[in-house]
Amino acid sequence: NGDPRLSCFGLMKNSRDGKSYSTNLAYTPPEYLRTGRVTPESVIFSFGTVLLDLLSGKRIPPSHALDMMRGNNIQMLMDSHLEGNYSTEEATALVDLASQCLQYEARDRPHTKKLVTILEPLQTKLEVT
């Protein structure tokens, strides 16, 4: 039905509203831990954790990553295997997007349309080169 589902290969459990959600706490949004409910904002948080994993090449707890992002320490955050072979401008945009997705309060996270608006031009640049 076009509904995105993000998860890991860890254990799954049913939430109170009948939807399944990963029990891997690294991907679990704070509001799910409080209420047991999965919302569209919960999926955005999970997307942020996956994006962070892709950028860094490792598992960084979201709270620690937010501290790194606030310090504009992008080189420390990015995967060292890339050896600096990436656009700093695009990396900054993706790190900023991950930061927005990982906000503690669900209402402070971007909507899916904003994600697409930010990601689409980056995809277009990739196709051109």
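## Ground rules

Residue numbers start from 1 along each chain as its sequence is written. In this predicted model, local features need pLDDT of at least 70 and side-chain atom pairs count only at pLDDT 80 or more, while totals for chains, interfaces and linings use all residues; side-chain values use heavy atoms, with hydrogens and water left out.

## Overall layout

The protein has six helices and two strands, and along the sequence they run β-β-α-α-α-α-α-α. Both are DSSP runs numbered from the N terminus: H or I with at least four residues for helices, E with at least two for strands.

Of the 129 residues, 37% are buried (under 20% relative accessible area, 1.4 Å probe, protein chains only).

## Helix 2 meets helix 3

The axes (lines fitted to C-alpha atoms over the stretch in contact, with angles from 0 to 180 degrees between N-to-C directions) of helix 2 (residues 40–56) and helix 3 (residues 62–70) come within 11 Å and cross at roughly 65°. So helix 2 is roughly perpendicular to helix 3 (65 to 115 degrees).

F45, T49 and L52 of helix 2 make the contact with P62, A65 and M69 of helix 3, where contact means heavy atoms within 4.5 Å.

## E83, a loop residue

E83 sits in the loop between helix 4 (74–77) and helix 5 (88–101). Its phi is near 50°, a positive value in a residue other than glycine. E83 counts as exposed because its relative accessibility is 65% (the cut-off is over 50%).

Notes: Angles under 35 degrees count as roughly parallel, over 145 as roughly antiparallel, 65 to 115 as roughly perpendicular and the rest as oblique.
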